[in-house]
Amino acid sequence: MSETYVIAKDKSIRARVYARYCMAAYNRAKSCGKFEIKRVHRAFGLAFKELTTGETPDYQTTMKSCTCKDYQLGKRWNRGFCKHMIAKMIVRRAKDYMHDEHMKVIREKKAEEEKERKRLVAFQIELRRKALELG
Ligand SMILES: [Zn+2]
């Protein structure tokens with residue numbers, strides 16, 4: 001995912017935008033029942049850091065495995081997910097939410113432009129009709 005979806009250049013505004021999507025993704029992860037809540041909680045911090053700074057922990061993490069100790073040793077009690085894996089999922093979902101909203105804004109803008117164009121055409125027709133009446 002490129003930076004196309006970064007809505008604002010200002011760092012603090014950008015952080016707020018990211019926080020909103022990150023929070024939505026976090027809530028979803030919390031309520032899905034697949035993960036341990038305390039790990040989801042820790043994953044939020046990691047996900048937010050990755051979204052705002054691009055920094056990720058020094059582990060090889062995929063959606064299916066991680067090289068951290070927690071995952072390697074704790075597969076039995078962490079339901080198969082460490083905080084890094086959950087963070088990855090939160091980041092992906094947050095970006096999906098961001099993308100969806102970005103596309104929605106573009107669609108709405110296009111619809112608005114189309115409406116404006118039709119208004120303009122109707123106005124031009126009306127002008128021509130008036131001009132004919134007067135002429
Ligand atoms: Zn891990």
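The expected span of a helix is 1.5 Å times one less than its number of residues, where helices are DSSP runs of H or I with at least four residues, numbered from the N terminus. The structure above is a predicted model, in which local features need pLDDT of at least 70, side-chain atom pairs count only at pLDDT 80 or more, and totals for chains, interfaces and linings use all residues. Residues are numbered from 1 along each chain as its sequence is written.

Helix H4 comprises 52 residues (residues 83-134) and should therefore span 76 Å; its end C-alpha atoms are 76 Å apart, which agrees.

Some residues of H4 are buried, meaning that 20 or more other C-beta atoms, placed from the backbone, lie within 10 Å of their own. Among them are Met85, Ile86, Met89, Ile90, Ala94 and Met98. The cover over the buried residues of H4 includes helix H1 (11-31), helix H2 (37-53) and helix H3 (69-74).

The axes of H1 and H4, which are lines fitted to C-alpha atoms over the stretch in contact, come within 8 Å and cross at roughly 125°. Angles run from 0 to 180 degrees between N-to-C directions. H1 and H4 are therefore oblique to each other, since angles under 35 degrees count as roughly parallel, over 145 as roughly antiparallel, 65 to 115 as roughly perpendicular and the rest as oblique.

Residues are in contact if their C-beta atoms lie within 7 Å. Residues of H1 including Tyr21, Ala25 and Arg28 meet residues of H4 including Ile86, Ile90 and Arg93.

Conventions:
Helix = DSSP H or I, 4+ residues; strand = E, 2+ residues; numbered from the N terminus. Buried ≥ 20, exposed ≤ 12 C-beta atoms within 10 Å, placed from the backbone. Contact = placed C-beta atoms within 7 Å.
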